[in-house]
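Trainee: Could we go through this model together, with the criteria spelled out as we go?

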Amino acid sequence: MSLSAPTCIGASVSRIDGPAKVTGAAKYAAEYVAPDLAHGYVVTSRIARGRIRRIDVSRARRVAGVIDVLTHDNRPQMAAQDDAYRDDVAPEGAPFRPLYNDRILFSGQPIAVVLAEDPEAARFAATLLGVDYDEEPHVTDFLGQRDAAVAAPKGAFGPPPARGSVETALEAAPVRHDADYYVPAETHNPMELYATTAIWDADGRLTVYDKTQGVQNAHTYLCGVFGLKPEDLRVMSPYMGGGFGSGLRPQYQVVLAVLAAKALRRPARVVLTRAQMFELGYRPAMIQRISLGADADGTLRAIAHDAVTMTSRYEDFYRQETGWSGLLYACANASYAHRLARLDLPTPCDMRAPSAATGVYALECAMDELAVALNMDPIALRLKNYSERDQHSGDPYSSKNLRACYEQGAEAFGWAGRAPEPRAMRDGDELIGWGMATGVWEALQMSIGVRIVLSANGHAEVSCATSDIGTGTYTIMAQVAADMLGLPLQDISIRLGDSTLPRSPVEGGSWIAASVANGIAATADAIRADVLRLAQGLPHAPLAGAGPDDVELAEGCVVSRADPSRRTPIADALRHARLERIEREHLTEFAAPKLAHNTHSAVFAEVRIDEDLGLIRVTRVVSAVAAGRILNAKTARSQIMGGVVWGVGMALHEETLIDPAFGRIMNANIADYHVPVNADIHDIEVIFVDEPDAEINHLGVKGLGEIGIVGVAAAIANAVYHATGTRVRDLPITLDKLRR
C-alpha cells in the first residue's frame, strides 16, 4: 500500500508562473533587450494577386534613424526548395515564402521590412515606400466559389469511409431533416501580438525569441529556410500570450527578424500590428449540409454530412469537419464529403478544436431540428442513439461517461423545467430559451522527452522543450513531478520553451498535458530506480532486496511501499555515492491505443432575448465534461470557461469580413471584429464528471484545451430557436437574422 496518496495531482493549485506574469518578470518575445537592437516594421501588399513591378525605397531610406529596407531584391539568401519551408504541421502544397520573390498571393502579404534604430522611425518610413504592381484578377468570395470547390485530397484529415446505403435509408426514413449550416471565417486575436527578437552574436550564432507553440518546430523550420547548422540556432519561447492554434506553424515575422539579423549582423526585432495579425491565422469559412433520417421513435437510420471549406491557392489546408457526425451517434448508414474552395487568401490555420467546433455545431443543430420534428426531448434523442463504440472503427472506448454528462449537466441546469414549445418561456419583455448540445474531442498523445535532475539538497529540475501557451503547463508539470518524486511543490523547478531541451511536439490538440505528465512519470520511474540502487549500496541498507516497483519516493526518502518504516533519505544515498545529483532523460512513446479514445461533454445554455430590440444575452451555461483524470481542478475549470466564452463569441459575435472587390479584410481590428467582453459573459458552471481511465495512459489523463468550446455554439443556437421559434443556421446569430 502506498505511503501516502498523491497530494498535488488534481489539486486546485494556482499557476506557479502567475507571480512572474503579474509582476512583469515574465518576458515575452518582444520584450528581450539587446544592445544595438534594430527594429523592423512590415510593409504589406495592397493587392490580392499579381506581381510587384517596382519598390521605390529611396524616400524611406532618407528618414533619420532608418538603417535599411529589405525586399525580395536585396534580402539575404534563402532556400529555393519548398521542402525547406515545410514545418512539422504544414499541409500539402507549396508553403508561403516570406519576401522570397515578386509574386503576390494575398492582400496583406509582407513585401518589405523597414529597419530602423527605433520602432517609430521604422513605422513612419514604411509609409513612404512607393510600390507599383501588375495586378491580376483575384477570387476571395467564398460563397461565390461553392460550386467551383474541388474534392479535398485524401490524407490524414480526409473524410472517413462511408458505411451502409445512405440514399436508400434516407428515402425510407419516415422523418427526415436536411439543411445547410454556415460558419464564417473567424480570426485569431490572442492578446500578445506575434513578434520575434533575433540576437546575432559575433560567431554568427543566433538566439531567437519567438512567439510560437513549438520551439523545436520553429528551430527546424529556420534551419531549413536559412541553411543553418542546428547547433548555431537556439529558439526560445518561455511565455506566450495566447496561441490557440495560431502559433502551431512558424509565422512570417520570425523569418523577417532572422533576415534582418543576418543582413545587419546585429540583433533585430519584428513586431506585427493588430491589423497584420489578421493575415496570419483564421478558422476557414464553411458551408455544411446535414441530412438526417430517423424512425418515428428517434432511431437514426441515416446521416449524410457534406462540407465545403475555404483554403488558399498554394496550400491544401483542411480539417476533418464531417466525420464527427458518424462518430457520435449509432447509425448504420453514414456518408461524408469534403470539398475545398481555393481563394487568393493566406492559408487558414488551426483554431481551438479545429473541425470539431464547426462540424459538431452543424451536427448538433441538425439533431435539435430533428428532435423538434419528432416532438422529442433533445436529450432523449441523443440517448436513444447513444453509442458505446466508435462508429467508424467499431472499437469500444477506453472510457466514455457521456451519459453522466447529460444527467449531471441537466440536473444542474434545471432542464426538467423546460417547456418544450418555442416562445413558451418568458420573463417580462424577454423571451427565454434553453438549448443543449453534445461535445466531443480526441484524446491524443505524442512522443515526448523529459529530463529530471534530482539534487542531493532535495530539489528537482524538470525540463522539456514543450510550450506553455497559457494553459498552465508549468503548473501541471510541477504537480506531477512533485507527486512522482515525493517532493514539495516549491522544490520543483520547470524549464520549457527552449529548443535545446528534450524533444517535444508542438503544443496543440490537447495532447501536451497527457503526454508530458506521463513523460514525467516515466522519467521519475527511472530516477526512483537509480535512487534505490544507490540506497542499497549503503551499509546495512534497509531496502536490501527491494525492487523498483516495491518502493516509492516520498518525504525526501526512498520508501518501501509495504513497510514505510523501511526507508533511506535520498540525500544519504547520494552522499554515500559521492554524487551531488542524479540526472535522467527519457523519451516516452505512446503506442497506438487499441480502444477508441475521446473526451465528451454536454453543454446547456440559456438565452434571454429582448423581443423588441432583438438583443441576445447568454445568461447561463452549464458544461459537464468527461475528460479522464483532472490534473489541476483550478486551471482545468479555467480552460473550460475560456472555451465557453469562445463558444459565445462563435455563436453571437465573430465574423471576418472580406471585401471581394479588393480581397481585403474590412474589419481587421478588435473594434470592428467583435469578440465577447465582460458584459457579455454571465454565469458559467463547470462540472467534471468522474471518468477513470486505466487504458488511455498510466495516469488516466485525456486533455482539456479543446473540449470546452465544442458544442457551445450549437447549444446557444438551439436556445435561440427555443426562445423565438426562428431557426438561424448561419453564424453569428445577430438581431437582423432574427427578423428576416
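Predicted model: local features only at pLDDT ≥ 70, side-chain atom pairs only at ≥ 80, totals over all residues.

Mentor: Residues are numbered from 1 along each chain as its sequence is written, and side-chain values use heavy atoms, with hydrogens and water left out.

Trainee: Which side chain of opposite charge is nearest to Lys262?
Mentor: Lys262 lies in helix α6, residues 252–264, where helices (H or I, at least four residues) and strands (E, at least two) are DSSP runs numbered from the N terminus. Lys262 is buried yet has no salt bridge; buried means under 20% relative accessible area, exposed over 50% and partly exposed in between, with a 1.4 Å probe and protein chains only, and a salt bridge is a side-chain nitrogen of Lys or Arg within 4 Å of a carboxyl oxygen of Asp or Glu. With Lys and Arg counted as positive, Asp and Glu as negative, and His and the chain ends not counted, the nearest side chain of opposite charge, 9.2 Å away, is Asp232.

Trainee: How far apart are the closest N and O atoms of Arg567 and Glu555?
Mentor: Arg567 is in strand β25 (residues 567–569) and Glu555 in the loop between β23 (551–554) and β24 (557–560), so that the pair, 12 residues apart, links distant parts of the chain. Arg567 counts as partly exposed at 27% relative accessibility, whereas Glu555 is exposed at 57%. The two form a salt bridge whose closest N and O atoms are apart by 3.2 Å.

Trainee: What is the handedness of the crossing of α9 and α16?
Mentor: The axes of α9 (residues 356–374) and α16 (residues 712–724) come within 8 Å and cross at roughly 30 degrees, the axes being lines fitted to C-alpha atoms, for helices over the stretch in contact, with angles from 0 to 180 degrees between N-to-C directions. A crossing is left-handed if the near helix is turned anticlockwise from the far one by less than a right angle, and right-handed if clockwise. For α9 and α16 the crossing is right-handed.
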